[in-house]
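Here is a short report on one protein chain. Please read it with the structure open beside you.

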Amino acid sequence: MNLAEFARMFDCSVPDILARLRNDKNDFWRWWWTQFASEPMGMHHGSLERTRSHFGKIMNGVDVAPFLQEIDAQEENWLLNTKRSKIGVQQHTQSIQLRRAVFTSVPGANNVQTMMDVQESEVGELAVHYPRLVHFLERFAEHHGKGSLSRAMIVRLTPKMEVGRHWDSGYYYLCRDRYHLVLKSAGSRMECGGVRCVWNVGEAWWFNNNLWHSAGNEGDDWRIHVIFDVLPHRNAALVDEFKRHTQYYQTKQLEPAAAG
């Protein structure tokens, strides 16, 4: 399924579909898109139960103690990058980047939107402190996500606080599956597309972050998750297709001609 085929299903043009996938406050378009693009929950599995689900538990009983040991050994890393906590719905979180977006900020440009669309990622400087965790994520991406690891971060949420309701808008997310690995929690309250569930320590979950979602920490201690994205091998052609419709890449293609 490519963008043109998807647009044709709804008697729309590709620009119309792109605008709706990015901007429409109704989950309709992004829900349908996920049915074709998601590796663990898409229609290619031939399971109606999967296509109805906003969540999917992928693993249970993961031994998270080695990962927590790595995190506890570098407590100061939580305060090295505070950009995420400056986002309104994420103001009660702290994060440690393991893999990050690769792009060059441009003065005066909407760099937040650029980051939502840019497809490339790279290992962050702090990843070297978490070798066992990174190894687990890479193996998970290969064996469970059927693809390669993209962006990844460790995120903790303040006790008795929540992540506000939002959806992750951008072409980057429309090519990938979003997963959470629960490392520390009294029971992570999650809501997606109006469906609610609770995730527990040692579980790895897929969920549809293209839909409206929120999260809460009702415990008395930090809630710690690893949040990471996997690009399924089957979506490699989608990356190139979205790039052709992304202003960031169009501008980069023009740069050599302008320089000449």
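K160 sits in the loop between strand 4 and strand 5. Strands here are DSSP runs of E with at least two residues, helices are runs of H or I with at least four, and both are numbered from the N terminus. K160 is exposed, because its relative accessible area is 52%. The cut-offs are these: buried is under 20% relative accessible area, exposed is over 50%, and partly exposed is in between, with a 1.4 Å probe and protein chains only. The phi of K160 is near 65°, a positive value in a residue other than glycine. Most residues other than glycine have a negative phi.

K146 also has a positive phi, near 55°. K146 is found in the loop between helix 7 and strand 4. With a relative accessible area of 44%, K146 is partly exposed.

This is a predicted model, where local features need pLDDT of at least 70 and side-chain atom pairs count only at pLDDT 80 or more, while totals for chains, interfaces and linings use all residues. Residues are numbered from 1 along each chain as its sequence is written, and side-chain values use heavy atoms, with hydrogens and water left out.

**Helix pairs**

Now look at two pairs of helices. Axes are lines fitted to C-alpha atoms, for helices over the stretch in contact, and angles between N-to-C directions run from 0 to 180 degrees.

| Helix pair | Angle | Distance between axes |
|---|---|---|
| Helix 5 (residues 65–72) and helix 7 (residues 131–143) | about 135° | 8 Å |
| Helix 2 (residues 14–23) and helix 3 | about 105° | 7 Å |

Helix 5 is therefore oblique to helix 7. Helix 2 is roughly perpendicular to helix 3. Angles under 35 degrees count as roughly parallel, over 145 as roughly antiparallel, 65 to 115 as roughly perpendicular, and the rest as oblique.

Which residues of helix 5 and helix 7 meet? P66, F67, Q69 and E70 come from helix 5, and P131, R132, L133 and F136 from helix 7. Contact here means heavy atoms within 4.5 Å. By class, this contact has 5 nonpolar, 1 polar and 2 charged residues. Ala, Val, Leu, Ile, Met, Phe, Trp, Tyr, Cys and Pro count as nonpolar, Asp, Glu, Lys and Arg as charged, and the others, Gly among them, as polar.

In the other pair, I17, R20 and L21 of helix 2 meet W29, R30 and W33 of helix 3. The residues of this contact divide into 4 nonpolar, no polar and 2 charged.

**Spaces in the model**

Next come the gaps. On a 1 Å grid over the protein atoms alone, a cavity is a set of points where a 1.4 Å probe fits but cannot get out. A pocket is an open set with protein on both sides within 12 Å along at least five of seven lines, and lining residues have an atom within 4 Å of a point. Grid points are joined across faces, edges and corners, and a volume is the space filled by probe spheres set on the points.

The count comes to 1 cavity of 30 Å³ or more. The largest cavity holds about 70 Å³ of space. Its lining has 14 residues, and T34, S38, R176, D177 and N210 lie nearest its centre. Helix 3 gives the most to this lining, with 3 residues. By class, the lining of the largest cavity has 6 nonpolar, 5 polar and 3 charged residues.

The largest pocket holds about 1200 Å³. Its lining has 46 residues, with R84, I87, Q97, M115 and M153 nearest its centre. Which element gives the largest share of this lining? Strand 2 does, with 7 residues. The classes in the lining of the largest pocket are 23 nonpolar, 12 polar and 11 charged.

The second largest pocket has a volume of about 370 Å³. It is lined by 17 residues, and A109, T114, Q247, Y248 and T251 are the closest to its centre. Helix 10 gives the most to this lining, with 5 residues. By class, the lining of the second largest pocket has 4 nonpolar, 9 polar and 4 charged residues.

**M116**

One more residue remains. M116 lies in helix 6. M116 counts as partly exposed, at 23% relative accessibility. M116 and Y173 are 57 residues apart in sequence. In space, their C-alpha atoms are 7.5 Å apart. Leaving aside neighbours within four places in sequence, M116 is in contact with S169, G170, Y171, Y172 and Y173.
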